[in-house]
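Subject: Structure handover

Hello,

Here is the structure for you to look over. My notes come after it.

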Amino acid sequence: MQDYSFMTIEEIFLLQDALKKNKRQILKFILIGLSLVLIAAYVPQFFLKRRYSEEEIDATMFSYRNTWFWVWLLSFVLVLVFALIKVTDVRYFTIKKDLTLLQKGQIKVPLEHVYQGNNDMQTSFIVKQEGVRKRKRLFYWMRGRLDDYKSGQEVEIVYGRYSRIILNISKA
């Protein structure tokens, strides 16, 4: 059973709230990355200035004047920020897509895995959908802790169509 319909006003506000929280999370990760750039750029210079002359420092890989140092440092931070976004399931652009299209989906499937994440502030579900060739396991998440859902239970999930954020879940 799978159908798509328009979202209610309450569900739109739930998605807008999730969008704001995801935006804050992305900004926090970018600030972490920038602080790591500052630390990685200044700490080696501090220790090098204590032991070497200016000409010797300029010849090292940790020099400000070395282009490869900046390329390595910025690519490292960029990869780190994207890894943090992937690990914490930030879905900024997919939530934004849901808000522009205003569609929700409904699916009735058994739960395969249920687990808590982000310091018990998020419940994640993996479901196994029968009869689908391309994807057999789908991932959904919602804010808050749900303890009464177990693996193997048949559930009915109403979700934001593109973001996979659960708007409503009930036991079938």
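Below is what I found, taken topic by topic.

Please keep in mind that this is a predicted model.

**Annotated segments**

UniProt, in an unreviewed entry, places the feature "transmembrane region" at residues 29–48 and 68–87. I checked the model over both ranges. Residues 29–48 are 100% helix and 0% strand. The end C-alpha atoms of that stretch lie 29 Å apart. Residues 68–87 also come out as 100% helix and 0% strand. Here the end C-alpha atoms are 28 Å apart.

**Helix 1 against helix 3**

Helix 1 covers residues 9–51, and helix 3 covers 67–87. Their axes are 9 Å apart, and the packing angle is about 150 degrees. The cut-off for roughly antiparallel is over 145 degrees, so helix 1 and helix 3 are roughly antiparallel to each other. Their crossing is right-handed.

Which residues meet here? On the helix 1 side they are Ile26, Phe29, Ile30, Gly33, Leu36, Val37, Ala40 and Ala41. On the helix 3 side they are Phe69, Trp70, Leu73, Leu74, Val77, Leu80, Val81, Leu84 and Ile85. By class, this contact of helix 1 with helix 3 has 16 nonpolar residues, one polar and no charged.

**Helix 1 against helix 4**

Helix 4 spans residues 92–101. Helix 1 and helix 4 pack at about 155 degrees, with their axes 9 Å apart. That angle makes helix 1 roughly antiparallel to helix 4. The crossing of helix 1 and helix 4 is left-handed.

Helix 1 contributes Ile12, Leu15, Gln16, Ala18, Leu19, Asn22, Lys23 and Ile26 to the contact. Helix 4 contributes Tyr92, Ile95, Lys96, Asp98 and Leu99. The contact of helix 1 with helix 4 divides into eight nonpolar, two polar and three charged residues.

**Arg91**

Arg91 sits in the loop between helix 3 and helix 4. Is Arg91 buried or partly exposed? Its relative accessibility is 22%, so Arg91 counts as partly exposed. The cut-off for buried is under 20%.

Setting aside neighbours within four places in sequence, Arg91 is in contact with Asn22, Phe139, Trp141 and Ser163. Arg91 and Ile165 are 74 residues apart along the chain, and their C-alpha atoms are separated by 8.9 Å.

**Ser124 and His113**

Ser124 is found in strand 3, residues 122–128. At a relative accessible area of 2%, Ser124 is buried. What does Ser124 touch, leaving aside neighbours within four places in sequence? Its contacts are His113, Val114, Tyr115, Phe139, Tyr140 and Trp141. Phe139 and Trp141 are also among the contacts of Arg91.

His113 lies in strand 2, residues 103–117. His113 is partly exposed, with a relative accessible area of 40%. Not counting residues up to four places away in sequence, His113 touches Ser124, Phe125, Ile126 and Ser151. His113 and Gln45 are 68 residues apart along the chain, and 48 Å separates their C-alpha atoms.

Best regards

How values were computed: Residues are numbered from 1 along each chain as its sequence is written. This is a predicted model: local features need pLDDT of at least 70, side-chain atom pairs count only at pLDDT 80 or more; totals for chains, interfaces and linings use all residues. Side-chain values use heavy atoms; hydrogens and water are left out. UniProt positions are given in the numbering used here, feature names are shortened, and annotations may be inferred rather than shown by experiment. Helices (H or I, at least four residues) and strands (E, at least two) are DSSP runs, numbered from the N terminus. Buried means under 20% relative accessible area, exposed over 50%, partly exposed in between (1.4 Å probe, protein chains only). Contact means heavy atoms within 4.5 Å. Axes are lines fitted to C-alpha atoms, for helices over the stretch in contact, and angles run from 0 to 180 degrees between N-to-C directions. Angles under 35 degrees count as roughly parallel, over 145 as roughly antiparallel, 65 to 115 as roughly perpendicular and the rest as oblique. A crossing is left-handed if the near helix is turned anticlockwise from the far one by less than a right angle, and right-handed if clockwise. Ala, Val, Leu, Ile, Met, Phe, Trp, Tyr, Cys and Pro count as nonpolar, Asp, Glu, Lys and Arg as charged, and the others, Gly among them, as polar.
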